[in-house]
Amino acid sequence: MESYLFPFDSLICMLLGISFTVWFTLLLVFIIVPAIFGVSFGIRRLYMKSLIKLFEVSELMLSVSVILQRGSAEPEFDMSDIFYFCRRGVESIVDDEVTKRFTAEELESWNLLTRSNYNFHHISTRLTALWGMGVLIRYGFLLPLRVTLAFTGVGLLVVLTSIVGLFPNGRMKNYLSDKVHLMCYRICIRALTAIITYHDSENKPKNGGICVANHTSPIDVIILASDGCYAMVGQVHGGLMGVIQRAMVKACPHIWFERSEVKDRHLVAKRLSDHVADESKLPILIFPEGTCINNTSVMMFKKGSFEIGCTVYPVAIKYDPRFGDAFWNSSKFGMVNYLLHMMSSWAIVCSVWYLPPMSRMEGEDAVQFANRVKAAIARKGGLADLLWDGGLKRGKVKEVFKEEQQKLYSKVLVGSSEDRSRS
Amino acid sequence: MGSRASSLLREEDIEEIKKETGFSHSQITRLYSRFHSLDKGENGALSREDFQRIPELAINPLGDRIINAFFPEGEDQVNFRGFMRTLAHFRPVEDNEKNKDLTSGEPLNSRTNKLHFAFQLYDLDRDDKISRDELLQVLRMMVGVNISDEQLGSIADRTIQEADTNGDMCISFSEFTKVLEKVDVEQKMSIRFLH
């Protein structure tokens, strides 16, 4: 009996071996090598464009089914048909970056990602099939791919920074450290399938300054750090984070505070100003809002970073919520859960704007300066609603969309009046 | 979302709007940010162009009618109070409507007021009657070029016939309400406002 199993055994092993090799070669060639050299094949952009088409198709299907849900017993035109268009219209008026993710219950699943509060009632077979395929692709293919990349990225970061740490201090070390950091962050970006557009790169932060950005998710750090080199600021953690932190600080001076030191504002301020005063050190990356916000309360920009008295480089980060929910409800989900959510979304699409540097003016105190910077960032990010198009030619598609809606609605009216005349 | 935006809205204003519309404090500040971001001219009021710049609204077949509903008779600008007053019609009806408006008997998001909002979308000349012509025009907006004039005409005729009870070939507000008495207006004309 056992002798029959042996040939199958080795066959299976061979197949597994081959598929793993192929898998890793593809990974290496298409993802890791470009990340090392900072080039891009444009695969992610292509992916993003096809996702947008997919979303539009599914939204059309969804609107059809909502209109069709009126039922056949009613007369063909109902004066209440207007409610549907009316509500959609007012929703778009109220719509902002956050509300967009909470549109009417029927439309919640239109980007084929139903997360918490799963109230998915059978709307149409085609939509269900699409959604099912989406789940398969996201969890069966994308998630393992991304997890592999994430491990690779983090692992390389730890190992390589430790190696760089062995070098004597000097230009060579700084150069290598920059390269290593950039490379690993780029791999992490690909691990999240983040498609980022950087605007106004001429305003990128320089040494001896502080970079200030609005904080919307934990991955903001990775997004900014894959386009430039920064000195990070944070609390010393234990566990895996601690290992990463200790390795990173060997390669270049990041600022990690012990838990006890964080309470001492003067100590914090002193360490920051010392770092900034040294021209050879990288710009500090600070998120003045502190921890992740869930966008329901007005955030105070903590004035500490603005008291130091150096040039501030504001950066605005804006996420497109259609592709994946980048917000972290830290009271509900832990970090690992959040990362899993991120990695099983379609993609993370965001835009980064580098704003011109600002300094504290005469007679302005830290709070006023902080508010000025915050207003500049908010203004830039707020304009993103209308600047989203980028190169996507959304305008053209939209006209077609209006006619499509009219066509669909007409089908409903005419279709049912045909039934009536037949009876 | 900038601090400049929220500093222009005073606490007294927020309280008044709260009483009039029933929105919560945080909803009002959030909607003020939205108002501010739509106000490109920065003059504290929105014009029709400001609304038309919203992409999703521009592709809505009834976009122009909805925009019109925000502007009172003969005016071209709507301030934040007016903006909130119109949006208040879409506030969901809560089971325990505790905040009874002191100045007028009925809250802005009552069933009657929601129906009145929809009625005004049809009533193009604001004469409190929906004539056959007006109904045709609105229907035409909703179907585009896909249905012939005759077919559309017969749909309009049928609708008026079924709704009109006093024989004046127009639909008044009470006839409109009667036709829609079985429809769940509260749910269909409400949108979710984040807290």
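Good morning. A residue is called buried when its relative accessible area is under 20%, exposed when it is over 50%, and partly exposed in between, taking a 1.4 Å probe and the protein chains only. By that definition B:Phe119 is buried, because its relative accessible area is 1%. B:Phe173 has 22% relative accessibility and therefore counts as partly exposed.

The model is predicted: local features need pLDDT of at least 70, side-chain atom pairs count only at pLDDT 80 or more, and totals for chains, interfaces and linings use all residues. Residues are numbered from 1 along each chain as its sequence is written, chains are lettered from A and ligands numbered from 1 in the order in which they are written, and side-chain values use heavy atoms, with hydrogens and water left out.

I turn to the aromatic rings. Rings of Phe, Tyr and Trp (its six-membered ring) pair if their centres lie within 6.5 Å; planes under 30 degrees apart are stacked, over 60 edge-to-face, and the rest tilted. Over all chains there are 15 aromatic pairs. One of them joins B:Tyr32 and B:Phe80 edge-to-face, at 4.8 Å centre to centre and 90° between the planes. B:Tyr32 belongs to helix H3 (residues 25-38) of chain B and B:Phe80 to helix H7 (residues 80-88) of chain B, so this pair ties together parts 48 residues apart in sequence. Helices here are DSSP runs (H or I, at least four residues), numbered from the N terminus. Both B:Tyr32 and B:Phe80 are buried.

B:Phe119 and B:Phe173 also pair: their ring centres are 5.4 Å apart and their planes at 70°, so the pair is edge-to-face. Because B:Phe119 lies in helix H8 (residues 111-122) of chain B and B:Phe173 in helix H11 (residues 173-179) of chain B, the pair ties together parts 54 residues apart in sequence.

Ring pairs also link B:Tyr32, B:Phe35, B:Phe51, B:Phe70, B:Phe71, B:Phe80 and B:Phe83 into a cluster. Over the ring of B:Phe71 sits the charged end of B:Arg48, 4.4 Å from the ring centre. A charge counts as over a ring if NZ of Lys or CZ of Arg is within 6 Å of the ring centre and within 35 degrees of the ring normal. In chain A, the charged end of A:Arg271 sits over the ring of A:Phe257, 4.8 Å from its centre.

Thank you for your attention.

Conventions. Helices (H or I, at least four residues) and strands (E, at least two) are DSSP runs, numbered from the N terminus.
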